[in-house]
Each structure stands twice: as C-alpha cells, then as structure tokens.
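I opened this model to look up a few local features and the ligand site. My entries follow in the order I made them.

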Amino acid sequence: APCGPRRRNNAVHPLWKDPASSPGGTRPSPINIRWRDSVYDPRLQPLSVSYDAASCLHVWNTGYLLQVEFDDSTDWSGISGGPLENPYRLKQFHFHWGAVDEWGSEHTVEDHAYPAELHLVHWNAVKYQNYREAATGEHGLAVIGVFLKDSRAALGPFQPSCLLPTCRDYWTYPGSLTTPPLSESVTWIIYKKPIEVAQDQLAAFRTLLFSALGEKEEAMVNNYRPLQPLMKRKVRSSFQ
Ligand SMILES: NS(=O)(=O)NCC1=CS(=O)(=O)c2ccccc21
Ligand SMILES: [Zn+2]
C-alpha cells in the first residue's frame with residue numbers, strides 16, 4: 001500500500017477536471033475550515049430549524065447526487081435566525097460521499113475529511129418568487145452542511161430533523177454552490193459536530209450509479225468538488 005494517507009484529490013469526479021468548472025469566482029465552495037481563519041461572532045443567533053416530513057416529495061438519483069425533494073409551495077419546512085436576515089424554505093437535501101471512509105465530504109475541518117456530507121438546500125422566499133430565481137440571486141440560498149461519520153448507529157428515517165446533530169454549534173461563511181451553476185449565492189452554515197451513520201448506510205450510497213441504464217456501470221462515488229481557496233473571506237463561528 002502506498003505510504004502515508006491516501007490522498008482524496010486523485011479520486012475527483014471528471015466534472016471537476018474541466019477548467020470551465022472553476023470560473024473566476026471570488027467566493028467559491030467548498031473550503032477547508034481552519035480554527036485560525038474563523039472568528040467567534042457573539043451576535044450570531046441560534047439557527048431555528050423546523051421541518052415537516054409531510055412536505056417530502058420524492059427521492060431520486062440526479063446522475064451526480066442522491067437527492068430528496070420537498071414541496072416548497074408553503075413555508076412548512078424551513079430555517080431562520082442564525083446568520084440569516086430572512087426565513088428560507090427547504091427545497092431539497094442531498095449527500096456527497098467518497099469511495100472509502102477516508103474521504104467524501106466537500107468541506108474539511110483542519111484538513112480532516114469525513115466519509116460523507118449532507119446538504120440541506122433552502123431558498124430566500126421573502127426576496128425571491130421561486131427557487132430557480134433565488135439560486136442565482138444575492139442572499140438567495142442557505143445551505144446547511146452536516147458531516148456524516150461512520151458508527152454502529154443507523155441513520156434515522158429520512159426525516160430531515162433527525163439528520164441534524166444534537167449540538168447546534170456551527171460555522172458560517174459566504175460561498176457558492178459546489179455543483180453547476182456554481183452560483184455565488186450561498187450562505188453556508190456548517191455544523192461543527194457530525195451525525196453518525198451505520199457503515200451499511202455509507203455502503204448503500206456507494207451502490208448508486210453515475211451511469212444510466214444500458215451504459216457501462218459506473219459507481220456513484222467521490223461526487224464532491226475539490227477544495228477551493230478561502231480568498232478574502234472570514235469564517236464566523238457561533239461558538240467559542
Ligand atoms: N452541493 S450544492 O448544495 O452546492 N448544490 C446542490 C444542487 C444540485 S442542483 O443542481 O439540483 C442545484 C440547483 C440549485 C441549488 C443547488 C443545487
Ligand atoms: Zn451539495
């Protein structure tokens with residue numbers, strides 16, 4: 001076996017090998033979160049999260065992610081408070097994961113990658129009429145990032161609220177989508193503590209396919225964007 005940790009970079013999806021996939025943005029995501037780049041902001045409120053499983057529509061394979069869609073025609077499921085100036089409605093959640101437990105998350109903490117990362121995507125229903133408009137508008141989206149780590153315990157059913165860690169400490173920073181259109185419209189809210197998922201849950205993600213029916217089978221793994229530079233940004237923490 002090669003000496004030292006197996007690097008995650010050589011596992012990156014072809015989507016990210018194309019130079020067009022790194023447009024000259026000023027606030028790209030994901031980033032490596034480092035204690036020394038972040039500052040505690042006592043003005044940050046707790047994030048208020050209220051999800052109603054009844055607004056869950058369907059689960060599907062987008063060809064790059066496993067995604068769960070929600071009915072965002074009402075404000076049944078959404079978030080407010082924290083760094084947000086308006087309430088945001090839940091539109092979908094999805095996961096990013098690796099081929100092995102050593103990597104898979106999009107964000108890293110002090111260069112540590114988790115096996116997977118959950119993203120709950122919300123849009124600003126006060127400022128915008130719909131999700132599509134919000135996705136490319138200023139203060140359009142708020143994405144909650146939750147790290148997944150391997151353990152004996154199994155993930156609860158896909159009720160979004162049980163997908164959040166009990167400890168609600170988070171980091172927040174201005175960033176972008178990590179999938180095309182890579183819009184720089186996202187307020188990222190990353191929980192400090194991971195949730196625990198059973199090994200067979202991670203294994204189940206890795207049985208999904210990038211390839212369509214009739215195509216040569218290609219396992220859906222390593223569907224994460226490589227780390228991007230912090231540039232001139234500050235990461236704020238809700239905790240000391
Ligand atoms: N990882 S991420 O959360 O930055 N982006 C996921 C995503 C996949 S998408 O193309 O459905 C889409 C449309 C609009 C907003 C987000 C997305
Ligand atoms: Zn994502």
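**Notebook entries**

I began with Ser38, which I place in strand S2, residues 38-40. Helices (H or I, at least four residues) and strands (E, at least two) are DSSP runs here, numbered from the N terminus. The model is predicted, so local features need pLDDT of at least 70 and side-chain atom pairs count only at pLDDT 80 or more, while totals for chains, interfaces and linings use all residues. Residues are numbered from 1 along each chain as its sequence is written, chains are lettered from A and ligands numbered from 1 in the order in which they are written, and side-chain values use heavy atoms, with hydrogens and water left out.

Is Ser38 buried or exposed? Ser38 counts as buried, because its relative accessibility is 17%. My cut-offs: buried is under 20% relative accessible area, exposed is over 50%, and partly exposed is in between (1.4 Å probe, protein chains only). I then followed the side chain of Ser38 to the backbone oxygen of Trp35, at 2.9 Å. I list this as a polar contact, meaning a pair of N or O atoms within 3.5 Å; within protein, one must be able to donate a hydrogen and the other to accept it, and residues adjacent in sequence count only if both atoms are side-chain atoms.

**Phe95**

Next I looked up Phe95, in strand S7. Phe95 has 0% relative accessibility and therefore counts as buried. Its C-alpha atom is 9.7 Å from that of Phe147, 52 residues apart along the chain.

**Ligand 1**

Which residues are closest to ligand 1? I found His94, Tyr131, Leu177, Thr178 and Thr179, out of 14 residues that surround ligand 1. By class I count 6 nonpolar, 7 polar and 1 charged residues. Here Ala, Val, Leu, Ile, Met, Phe, Trp, Tyr, Cys and Pro are nonpolar, Asp, Glu, Lys and Arg are charged, and the others, Gly among them, are polar.

I checked polar side-chain atoms against nitrogen atoms of ligand 1. Thr178 has one at 2.7 Å from a ligand nitrogen. For His94 the distance is 3.3 Å. For His119 I read 3.4 Å. The protein covers 85% of the 410 Å² of accessible area that ligand 1 has on its own. The elements giving two or more residues to the shell are strand S7 (88-97) and strand S9 (116-124). S7 gives the most, with 3 residues.

I went through the cis peptide bonds. One joins Ser29 and Pro30, with omega about 0 degrees. Pro30 is in the segment before strand S1 (32-33). The bond from Pro180 to Pro181 is also cis, with omega near 15 degrees. I place Pro181 in the loop between strand S11 (170-175) and strand S12 (186-191).

Leu182 is in the loop between S11 and S12 as well. Its phi is positive, about 55 degrees, although Leu182 is not a glycine. Leu182 is buried, because its relative accessible area is 11%.

Where does Asp111 lie? I found Asp111 in the loop between strand S8 (108-109) and S9. Asp111 has a positive phi of about 65 degrees although it is not a glycine. At 61% relative accessibility, Asp111 counts as exposed.

Definitions and conventions:
Near = heavy atom within 4 Å. Areas by Shrake-Rupley, 256 points an atom, 1.4 Å probe, with all protein chains shown as cover.
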